[in-house]
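Please keep the sequence and the structure in view while reading.

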Amino acid sequence: MRVEPDAHEGAEERTALALMARTALERVGLEVSPQEATHPAVVEAAHVAQSVLRTGPPSPDRLGRLTGMLDRARSDGMSTRPSVLPWPTRLAAPGPHLARSVTRALKSVPHQGTEAGAPRGSAVAGWCAHEEETARHAVALLQSAWPGAAAELGAVLVQIALLDGPGIDGFTDFTVHGAVFVRRDRLVPDADGLPGAVRLAEALVHEGAHTRCNAASVADRPFLRPLEESGPMVATPLRLDPRPLTGLFQQMVVLARSVLLYRRLLAQDTCGLDAAPAVRARHDRLAHSAVEAVRTMARHRDTLTAHGTAMLEDAARVAQVRV
């Protein structure tokens, strides 16, 4: 993997991960096709199977749970409704595997609880017709401004889930690999006038970069050397709480790709003159954060593999920083 997108590499990683999922399920006596094994709910079942196998042969109850997860995944995956996007990627309806992923994500968000008496939660929501139209517009922007990124996203994203509620802005979860989660208000203009389609395009590039990093670190080559215990916790540009080095590394890649997206949007004037100031302002904020991420990662260069070092150098070129 490099900072520049590569649809072919992304597809190869997806195939490798699907084989891992099939192998895990076969070890408990369950079979899925290569195509089914790419579905996020099937990936979740494979993670459960691996967890079960650590404690010995699966009990009938656990095997029944896994079979039920696969049945639900097949029901979702065999939907006859075509994708509304020019990709195989589907705009996901709420489903149990997505709901469980959101529950896990909420537990990892710092300072969860209540604010002014209201719970700060998030839940998977259905897509409205106007939101589907915004998604199509976002994909069209990507195809026009950055065809390489559009091709890679179409190859690696299986489901795009919409979040309702203030708890989480967006995330990926390797347990349901292939699904990405985006908060509903990213589909409408922000206070600076940045169009909803642009904001969603950025969110897809952002979460798609996490998806590629997760897959590449498992199916290809790791970015970080093995560390004793948990390794250092460091400040990162996009989070208030300290993060492990893997979080910093992925933020650096996300920021570099996001900067490249906005540079292409500006170069082609894809968003129109009215939106240009907001696009420029967003580019500048992301570019500043990218510089910070690259400089922080460079201070921990000795933790990187050759693959990770190449990514650092890619990101440094985007951020125009010497490392």
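In which loop does Asp169 lie? Asp169 belongs to the loop between strand 5 (159-164) and strand 6 (170-172); helices (H or I, at least four residues) and strands (E, at least two) are DSSP runs, numbered from the N terminus. The model is a predicted one, in which local features need pLDDT of at least 70 and side-chain atom pairs count only at pLDDT 80 or more, while totals for chains, interfaces and linings use all residues. Residues are numbered from 1 along each chain as its sequence is written, and side-chain values use heavy atoms, with hydrogens and water left out.

Asp169 has a relative accessible area of 36% and is therefore partly exposed. On this scale, buried means under 20% relative accessible area, exposed means over 50%, and partly exposed lies in between (1.4 Å probe, protein chains only). Leaving aside neighbours within four places in sequence, Asp169 is in contact with Val182, Arg183, Asp185 and Arg186, where contact means heavy atoms within 4.5 Å. With Arg186 there is also a polar contact between the two side chains, at 2.8 Å. A polar contact is a pair of N or O atoms within 3.5 Å; within protein, one must be able to donate a hydrogen and the other to accept it, and residues adjacent in sequence count only if both atoms are side-chain atoms.

The chain as a whole contains ten helices and nine strands. Of its 323 residues, 50% count as buried. Among contacts between residues at least 6 apart in sequence, 70% join residues at least 24 apart.

Not counting residues up to four places away in sequence, Val158 touches Arg14, Thr38, His39, Pro40, Thr89, Arg90 and Gly178. The C-alpha atoms of Val158 and Ala92, 66 residues apart along the chain, are separated by 8.9 Å.

Helix 6 (residues 147-156) is itself mostly covered, with seven of its ten residues buried. These are Ala149, Ala150, Glu152, Leu153, Gly154, Ala155 and Val156. They pack against helix 1, helix 5 (129-145), helix 7 (196-220) and helix 8.

In helix 8 (residues 245-268) one finds Ser258, which counts as buried because its relative accessibility is 1%. The side chain of Ser258 reaches the backbone oxygen of Val254 at 2.8 Å. Apart from neighbours within four places in sequence, Ser258 is in contact with Glu202, Val205 and Leu286.

The packing of helix pairs comes next. Helix 1 (residues 7-26) and helix 2 (residues 40-53) pack at an angle of about 45°, with their axes 8 Å apart. Axes are lines fitted to C-alpha atoms, for helices over the stretch in contact, and angles run from 0 to 180 degrees between N-to-C directions. Helix 1 is therefore oblique to helix 2: angles under 35 degrees count as roughly parallel, over 145 as roughly antiparallel, 65 to 115 as roughly perpendicular and the rest as oblique. Ala21, Ala24 and Leu25 of helix 1 meet Val42, Ala45, Ala46, Ala49, Gln50 and Leu53 of helix 2. By class, the residues of this contact are eight nonpolar, one polar and no charged; Ala, Val, Leu, Ile, Met, Phe, Trp, Tyr, Cys and Pro count as nonpolar, Asp, Glu, Lys and Arg as charged, and the others, Gly among them, as polar.

Helix 2 also packs with helix 4 (residues 96-108), at an angle of about 65° and with axes 9 Å apart. Here Pro40, Ala41 and Glu44 of helix 2 contact His97, Arg100 and Arg104 of helix 4. This contact has two nonpolar, one polar and three charged residues.

The axes of helix 9 (residues 276-298) and helix 10 cross at roughly 145° and come within 9 Å. Ala290, Val291, Val294, Met297 and Ala298 of helix 9 form the contact with Leu312, Ala315, Ala316 and Ala319 of helix 10. The residues of this contact divide into nine nonpolar, no polar and no charged.

Gln320 is found in the segment after helix 10 (306-319). Most residues other than glycine have a negative phi. Gln320, although not a glycine, has a positive phi of about 60°. With a relative accessible area of 66%, Gln320 is exposed.
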